Amino acid sequence: MDTRVMSGLAVVVVATALVAGPLVPAVSYPTDPTANDAVYSGFGGNAGLELDRQLSYQLADEPTVTVADGAVTARTTITVQTGADPVALRYQLRNDTRSTVATATVPAGEVRTITRTPRLDATGQLTLNVTAATDGSLFVVHQSTFNVSDA
Amino acid sequence: MSRTRSLRQVFGRIHTAWRRWLAPIPTTHAATLFLLACVVFASYWRLDVFIVDTVAVANALANVADGTLQLSTVYYGPPDAQTPGVYAHDGRLYGRNYGHVFAALPILLALRAVALVAEPAILLAGLWSLGIVVVGRRLATAFDTGLVAPTAAMLGGFLFVLNVVGGAAIAPRMFPLVALQLVTLLAAGGLVATAYLLASLFHGHRVGIATAVATMLLGPVGFWATIPKRHLITAFLVLLACYCFARSRVSGRLFDRALAYVPVGLTAWVSAPEGFLLLVVLGTVDFVTADRRDLRALLAIGGVLFVSLLPFFVTNLLISGNPLQPPRLLTSYRGGGATVTSQPTVAPSNPAEPIGGADPPPQNGDTGGQTGGGSDGTGGDGGATDTPAPTDEASTDGTPSTNPIGSVIATLAATLTALLDRVLSQFERGIEALDPQRLYHVFVRSGRIPGVDYTQTGGETIELTLLETAPLLAALVAAPGYYLRRWLTQRRLRVRLPSVSTLRTDPARATDLFAVVFVVVFSLVYLPRLPVHGTVTVRYLIPTVPLLVYGVARLAPVQAVVTEATDTLARATLLAFGLGLALLVAIGPVFQPSVGAVMQAHAVVNLATGGLVAGWLLVRPDDTRLGAVALACATAAAALFVFATGFEYFADGRRYVFAAARLIEMGIQAVA
């Protein structure tokens, strides 16, 4: 009896699924009304959930690259607004074999404009990489490569 | 020919060993409980992303189904893939929890295959109804009553019709989410079945079944059963390891002992730090309590462990190039849209932490690398190149290694050292974090917890403590008092702690040791991050919960209640649940509280029932009727929390997989 009930239900399930499927176009099963909604709906819908900006940053201007006496300097200015955690800024100038790093720290809950000028005794293709680290996460603020000739 | 024969012999031996291992296991009850749990959990299955970190895992699954580990295409979330749980390496983006992803892959492929000829939503509804029918049939056999089976058959059939008529198709873009949720649901079902197996191993079927049902109804399990986070999966694997360990102590067989290490590799594949913790605890306790430590035993265990870790190693190797470096140890990606160009370019201003309810950022300690990703939102080839800089803080000359084997060994050793260093520092932080206020807000009472960012949850105080969502665990709080009282009343002057020889000869004591050490170590590691928003039931500690329930089942008064007052316990639980539900429906419309307020109301009620359990154990532990009422109230309160959160509090605007759930939600609102 039980086995027959289960077998019957199984047959009905498979048959209904097939009929509602794409092989039977005459039967149009309702499409998902939320198919195009955002999948994240938060704890009580999206309402009331504000963005919590832990960090925002903006490169104030393009870095100024200068060459003098075989050394390269890249003057970089960044404006940083921190959230609940301090942010460590790291300005790295490097080529394939050498690198130099300048650092700065912005305390929590502040807005500051920081300028650093990393200097590297090297020419050729150089990379300037500026990152901001906060609370275990790393953000690339700026990255660029440029060629500096010996002249 | 001879090779074929020897292969057959090997497989034959494995098959025989497996059957011998399986033979003493009460698979019928375990299967029934597994099915029951799956049916219950699926009843309030919601198809969406509850915690934003899931977006990264869902994107990872969709991309793995496309044939790539990296996030080449962003299917969910912001187009630049900037969600928590995304990591960057060599300018490519990756998700995490690849063990979860690969477990969901066959389900996803099956869903896609089914969708070619049939409607998956109807098949899922059918499976749910068939599950109800099978559970009814098994319960009818177990209780020898004729009414349950036909009632379950009618209910199953009715619900199927209801779900077909009131339901809708599942959009193919949601299949990865469905697959991930199904894995979590099956793991939750497996967790319940394993809870039964573990408890029944030492205390018989009744205690086993009661433990399983209690585990199923606790907030930390029931609430997260269909939310595709890693916690329930690792909780299941940890409990499975514990059960295999317990069985190995009962049977004394090396095969059983080696099997306990299989979940270690699988746990690491889902969450490397948790796998590492499991390995440390299991290895230590196993070594201390083992009756043999010869080379053969160590080789067998090592072999099984290595094989179980292979998927983890291969995945890491393909992602980071280092088998010991999982995605979680890579740099967290928080956008930035950096591109490599010949001219200096300005990266866009970056609002970090785009949406609430996320896991707090992991403490990588890895700030030496560069993150990158495609500015086109694909995270692919247009991403930042990550040429390793020769130095960090000073100008030095780089000297690349010329010995590849030496380089590999050095890399592995450095990763292992970094991992150990990280875990040890976490322990250190955990011990430093042992301040009463933190412990109080993690384990006892939440309220509005200082330091928790409630803006992430719309200002609602929905973060509860462990006891507030699992009040049954109050028995463990009272356990020392109970033992002290028993010691005083029995006038036994000597306190006898289990010796190492006892641990070797007593399987239950050895298992207790594993449970205690794991709970302490695991809690210490996560304590510095707690309390925190988005955990609701302190979800980081979920892997400890089944072991804590096992601890409750180990208490003699609890066993006495379950075996001597079974009927009272069952009836009182149903009655308390019914009364609680009626009260909830009656009070709700009068006060119209916010979600935070009702969650706090549950917290207080649950704590009160926990107090009842603790009071019973401390004052009248021999009164089994009182014990039954106390345990029933605590179980019913936890179940009510799971029911209300599943069908009402967090239901607004969400899509249930089964239309019947929406009907229940509407029914509650109509009655209210």
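Biologist: How do you know that strand E4 (residues 87-94) and strand E5 (residues 99-106) of chain A pair?

Modeller: DSSP must find at least two bridges between two strands, and E4(A) and E5(A) have eight, in the antiparallel sense, so they pair. A hairpin of four residues joins E4(A) to E5(A), and Arg94(A) stands opposite Ser99(A) in E5(A). This is a predicted model, where local features need pLDDT of at least 70 and side-chain atom pairs 80 or more, while totals for chains, interfaces and linings use all residues. Residues are numbered from 1 along each chain as its sequence is written, with chains lettered from A and ligands numbered from 1 in the order in which they are written.

Biologist: Which residues of H19(B) and H20(B) meet?

Modeller: From H19(B) come Ala515(B), Phe518(B) and Val519(B), and from H20(B) come Leu547(B), Leu548(B), Tyr550(B) and Gly551(B). By class, six are nonpolar, one is polar and none is charged.

Biologist: What lies in the loop between H19 and H20 of chain B?

Modeller: Pro531(B) has its place there, and a cis peptide bond, with omega about -10°, joins Leu530(B) to Pro531(B). Val538(B) lies in that loop too, and phi of Val538(B) is near 55°, a positive value in a residue other than glycine.

Biologist: Is Val538(B) buried or exposed, and how do you know?

Modeller: Count the other C-beta atoms within 10 Å: 20 or more means buried, 12 or fewer exposed, and in between partly exposed. Val538(B) has 29 such neighbours, so Val538(B) is buried.

Biologist: And what about Asn97(B), buried or exposed?

Modeller: Asn97(B) also has 29 other C-beta atoms within 10 Å, so Asn97(B) is buried. You will find Asn97(B) in the loop between strand E2 (92-94) and helix H4 (98-117) of chain B, with phi near 55°.

Biologist: Why is Ala634(B) called buried?

Modeller: Ala634(B) has 32 C-beta neighbours inside 10 Å, so Ala634(B) counts as buried. Ala634(B) lies in helix H24 (residues 624-649) of chain B. Leaving aside neighbours within four places in sequence, the contacts of Ala634(B) include Pro471(B), Leu472(B) and Thr609(B); contact means C-beta atoms, placed from the backbone, within 7 Å.

Terms used: Contact = placed C-beta atoms within 7 Å. Helix = DSSP H or I, 4+ residues; strand = E, 2+ residues; numbered from the N terminus. Nonpolar A, V, L, I, M, F, W, Y, C, P; charged D, E, K, R; others polar.
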